[in-house]
Amino acid sequence: MSHPYLAAVIDLVRAAGEAILPHWRNDVQVHEKADASPVTAADMAAHHLLADGLRALDPSIPVLSEEDCGLSLAERAGWTRWWLVDPLDGTKEFIAGSAEFTVNVALVEQGRVLFGVVGVPADGRCYYGGTGFGAWRTDSDGAAQPLRARLQAEGGFTVVASRRHSSPAQERLLYGLRQRFGELALASVGSSLKFCLLAEGAADCYPRLAPTSQWDTAAAQGVLEGAGGEVLSTSGDALTYEARESYLNPSFLALPRDVEWRAALIELASKQA
């Protein structure tokens, strides 16, 4: 099972990546948004390409992008299906010259991700997937390989960590995981690539007890869910995307479904929330 818009969205994500690359490592002009986060011409070039392309694909589906999110709750509350877009996730990594930035597009319906596409402009990788039809990774040569989250830790329990963001609660959770699993292997990576590591079977969980926004997570959550994973609140409920006043997500746990340590992780995280 797939979705009739998936191939077109993959093409748009790749095109957005191509629009970003001329700005990468080239005297990036940085501006500050109202929330003090950085934005560059690359963010805006990708935003306009994606917003225009998605509206052309289906004018009936509204677009919510990080770079155009000044929409009232009253307007958004009537949406049943919409695109959730982060044109350039990992702007700080991009500004620093790192390759760990992504382009993210998710199709959301009734608060759940139908599918997500995550492009990695620096090397041409693209991840895509959703619940019910699986997940894949394509490289610059276009060859697709299926993805599957792993159920057994290999070479130690690997926790994905943000390169730039932590919190006291997160550090306490990591301490609790060490008590449960022994010494942890930590995989530090920027942007939505954290979810993709889990989807590829290269890590075991990604706990995030620090702020994120809806556009930071939705597309990669679709990939992980397609690969047999899930994203939960610290109370064990699925992370969803209903319209609400704030775009901030609650704390969450990304992990493979059906692992035997699922309940232990939720219990540990709930004590820190």
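Asp 58 and Arg 81 form a salt bridge, with their closest N and O atoms 4.0 Å apart. The pair links distant parts of the chain, 23 residues apart. This is a predicted model. The structure holds eleven salt bridges.

**The Asp 58 and Arg 81 pair**
- Asp 58 sits in the loop between α2 (41-57) and β3, while Arg 81 belongs to strand β4.
- Asp 58 counts as buried because its relative accessibility is 11%.
- Arg 81 has 27% relative accessibility, so it counts as partly exposed.

**Other salt bridges**
- Arg 125 forms a salt bridge with Asp 123, and their closest N and O atoms are 2.8 Å apart.
- Asp 123 counts as partly exposed because its relative accessibility is 37%.
- Glu 67 lies in the loop between β3 (63-65) and α3 (73-76), and Lys 33 in the loop between β1 (30-32) and β2 (38-40), so the pair ties together parts 34 residues apart in sequence.
- Glu 67 and Lys 33 are both buried.

- Asp 89 lies in strand β4, which spans residues 81-89.
- Asp 89 is buried but has no salt bridge.
- Its nearest side chain of opposite charge is Lys 194, 6.2 Å away.
- A polar atom of the Asp 89 side chain lies 2.8 Å from the backbone nitrogen of Ser 192.
- Leaving aside residues up to four places away in sequence, Asp 89 touches Glu 100, Phe 101, Thr 102, Asn 104, Ser 191, Ser 192 and Asp 216.

- Strand β5 (residues 102-109) runs antiparallel to β6, and seven bridges join them.
- Asn 104 stands opposite Val 118 in β6.
- β5 and β6 form a hairpin with two residues between them. In its turn, Gln 110 has a positive phi of about 50 degrees.
- β6 also pairs with strand β7 (residues 125-130), in the antiparallel sense, over five bridges.
- Gly 116 stands opposite Gly 129 in β7.
- The hairpin of β6 and β7 has four residues between the strands. Gly 124 there takes a positive phi near 85 degrees.
- Seven of the nine residues of β6 (residues 112-120) are buried, so this strand is largely enclosed by the rest of the structure.

Terms used: Residues numbered from 1 in each chain as written. Predicted model: local features only at pLDDT ≥ 70, side-chain atom pairs only at ≥ 80, totals over all residues. Heavy atoms only, no water. Buried < 20%, exposed > 50% of the residue type's maximum accessible area, 1.4 Å probe, protein only. Lys, Arg positive; Asp, Glu negative; His and termini not counted. Polar contact = N/O pair within 3.5 Å; in protein donor to acceptor, adjacent residues only side chain to side chain. Contact = heavy atoms within 4.5 Å. Pairing = 2+ DSSP bridges.
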